[in-house]
Amino acid sequence: MRNAREQLIVAMDVPTLEKVRQTVDTLGDAVDFYKVGMESFYSLGQPVLDEMSARRKKVFLDLKLHDIPNTVANGIKSLCRFAPVLTTIHAAGGPSMLKAAVAAAQEGAAKWNVPRPKLLGITVLTSISEAEWAMIGHTSAVRDSVIRLATLCREAGVDGVVASPQEAAAIRAACGRDFLIVTPGVRPAGGDMGDQSRVATPAQALADGADFLVVGRPILAAPDPRAAALAILKEMEG
Ligand code: C5P
């Protein structure tokens, strides 16, 4: 059983290395786990990961790989050198790509002598509406597709998925207890929703089966980010 501190991941959506350092220092021991995504990795590069490792913070490297199996496998192997705890691939890459990624995580970890990163599948982006999903050519409902893609991930040996808190319970039911569910779109009770629409409170997301919560602005944009993080941890424990 993980405690709240192990389950909280703060989205490091900040524009400069200076701000990265300042954020990690401000949050201090309240937060051990950070999500580094395309925005900060593409603009700041490896130094953002070096900052995390210098401060002994765990990293969820969210780069959402989606390509042919060989390319994704080599990409995952290369990313292993940053020793992320979690990293992401698109489930829509298909079973061969997913299996290649799983094998590559194992090989990459051995090559760089780091723990194997856990792989999370991206199912259907939460920004996609039913109408857009149909426009791409899909005939099943988004929710059914999410469950299908999560099941494909599990069958390929992928460790879990990123999902809306509102899909967590159905994924848990379909994929079982050992499958990781990481949910963004978490808002403290009474908090500002920002541009998120399908949100849940920290307690609700955990009750629905989430293993990790990704929280950005409710902490980063708070007048006192450390106090905001501590309040969210308290809500998670409650
Ligand atoms: O600021 P906020 O708490 O909304 O940040 C949530 C983080 O999770 C952001 O980095 C956002 O890009 C990411 N995310 C999301 N919804 C998804 C996938 C990722 O909000 N479906």
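Leu17, Val20, Arg21 and Val24 in helix 2 meet Pro47, Val48, Glu51 and Met52 in helix 4, where contact means heavy atoms within 4.5 Å. The contact of helix 2 with helix 4 comprises six nonpolar residues, no polar ones and two charged ones; Ala, Val, Leu, Ile, Met, Phe, Trp, Tyr, Cys and Pro count as nonpolar, Asp, Glu, Lys and Arg as charged, and the others, Gly among them, as polar. The model is predicted, with local features needing pLDDT of at least 70 and side-chain atom pairs counting only at pLDDT 80 or more, while totals for chains, interfaces and linings use all residues. Residues are numbered from 1 along each chain as its sequence is written, and side-chain values use heavy atoms, without hydrogens and water.

**Helix geometry**
- Helix 2 spans residues 17-27 and helix 4 spans residues 46-54, helices being DSSP runs (H or I, at least four residues) numbered from the N terminus.
- The two pack at an angle of about 20 degrees with axes 10 Å apart, the axes being lines fitted to C-alpha atoms over the stretch in contact and angles running from 0 to 180 degrees between N-to-C directions.
- Helix 2 is therefore roughly parallel to helix 4 (angles under 35 degrees).

**Cysteines**
- The whole structure has zero disulfides (pairs of cysteine sulfur atoms within 2.5 Å).
- For Cys80, the nearest cysteine sulfur is that of Cys153, 17 Å away.
- Cys80 is buried, at a relative accessible area of 1% (buried means under 20%, with a 1.4 Å probe and protein chains only).
- The sulfur of Cys175 lies 8.1 Å from its closest cysteine sulfur, in Cys153, too far for a bond.
- Cys175 is buried too, at 7% relative accessible area.

Key: Parallel < 35°, antiparallel > 145°, perpendicular 65-115°, else oblique. Buried < 20%, exposed > 50% of the residue type's maximum accessible area, 1.4 Å probe, protein only.
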